[in-house]
Amino acid sequence: MTAVIADEPLMRALFGDGPLPVDRIRINGPLTARGQPLELTPHPDKAISQRATLLASLADGTSRIRNLADCRDVRANLRVLTAWGTTVRAVGPGTVEITGRGQGGPRRSGLVLDAGNSATTSRLLLAILAGSEVDCTVTGNELLRSRPMAEVLQPLRELGADITESGEPGRLPVRVRGGRLRGGTVDVAVDSAQPVSALLFAGSRASGPVRITRRTPARDHTERLLRWTGLQVTESDTELVVVPGRPRSFDLAVPGDPSGGALSAALHLASPQARQELTLRRVGVNSRRTGFLRILRAMGVQVGETPVEDEGPEPVADVVVSLPAALTGTEVAGSRLVQSAIDELPLVAALATVATGRTVIRDASEMRSKDTDRIATTVRLLDDFGARATATPDGLVVDPHPPRAPRRVVLPPDHRVAFAAFVLALLSGGGTELHGVSAVATSHPGALTDLARYAPWDAL
């Protein structure tokens, strides 16, 4: 089989031409209720797609990844791997084969590896390069270069990594002169899965076990993938230990993205179709990613899960969502719940505008260091729609007030905030122009198709 190495031929072979690029739309009135319950299959999980491709580049042998997510972050991930010298083959729509080179990884130097806007790719890549025989620079677009990297760089240095920021301290671009990392104990001082995942990758390539202390458990896709491919990873609430080893090659079908399912559920609940059931097929239901479902239950939504047999490392289920009564306000607090819903909190805020009673989100200061200061941009979005929201240092407060339809809203460059805008536009009855919707391509280019199921829209 001939490898498809050039970027665009690889992307076309994997994903086709993809949705047409649209940046400005006008959302029309919501569709009326359907006669039959709605069934959808969410797009593939972005977080698992990125971790799986990086792991495959280190494995012994050739791995196959099916149902790969098509979005800007995964495309950036694949471009980085091919630029680094990893053999990547498109073998069918959404299916890729990656030939790893074992623990050493590709030996490439003098490269500038551009991770685009993908924080996951950049942070995990820094750890992988630190334990490889390379001399490379990792960078990204303007948004990514503004995001903090110190929570990865400092513990990597403690393991012996030779890394140097070429610009602002704790930010990309970062030069990595790879070598053998040592074992030891390192601390992750933020509630986020990405630094932990990076250090797990680093620990798999170290000279001895690496113990990672943390404040709270976050999403554990990396831990599951490493164990599934033969590595020893043990954990408790406050620490993980990874024993160095070589991951074996694997065949993985990526499950549906809980975040994509959350968008569909939120659109459904915001529409006249909310009185009918919505079934989301083959969704990943890892408990560290399903906080949004738990929040919906607290807001009065009925949510059922039927497990689906799957051979991968993640639990998968069909999820049924229905609303027998009005939404009620709730409190979202505690590091475990917040971490398991961190990407969906703007959707929670949007739905809270039509709930009965106040909704309070606490312990979510991590939102301030996402693609944007997501607390500030979410509150600003709700204000644009005439809702009542107030920012706090670690979250926001939403008082019920049905949103109105503004003539135009200019969105920040943040896909999660754009998703919340879709929900608010639907709740307000349509008629709003949204500028900047191309941000959705970061994680879910098909989000506009999801929107069209509930409200027709026109490109401007």
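**Close-up 1. Helix H12, a mostly covered element of the predicted model.** Helix H12 spans residues 345-352 and is mostly covered, since eight of its eight residues are buried, where buried means under 20% relative accessible area, exposed over 50% and partly exposed in between, with a 1.4 Å probe and protein chains only. The buried residues of H12 are Leu345, Pro346, Leu347, Val348, Ala349, Ala350, Leu351 and Ala352. Helices (H or I, at least four residues) and strands (E, at least two) are DSSP runs numbered from the N terminus. The model is predicted, so that local features need pLDDT of at least 70 and side-chain atom pairs count only at pLDDT 80 or more, whereas totals for chains, interfaces and linings use all residues. Residues are numbered from 1 along each chain as its sequence is written, and side-chain values use heavy atoms, with hydrogens and water left out.

Close-up 2. Leaving aside residues up to four places away in sequence, Thr95 touches Leu14, Arg64, Ile65, Arg66, Asn67, Arg89 and Ala90, a contact being heavy atoms within 4.5 Å.

**Close-up 3. The one aromatic pair of the structure.** The ring centres of Trp228 and Phe250 are 5.8 Å apart and their planes stand at 55°, so the pair is tilted. The pair links distant parts of the chain, 22 residues apart, with Trp228 in helix H8 (residues 221-228) and Phe250 in the loop between strand E13 (239-243) and strand E14 (251-253). Rings of Phe, Tyr and Trp (its six-membered ring) pair if their centres lie within 6.5 Å, and planes under 30 degrees apart count as stacked, over 60 as edge-to-face and the rest as tilted. Trp228 counts as partly exposed at 23% relative accessibility, whereas Phe250, at 8%, counts as buried.
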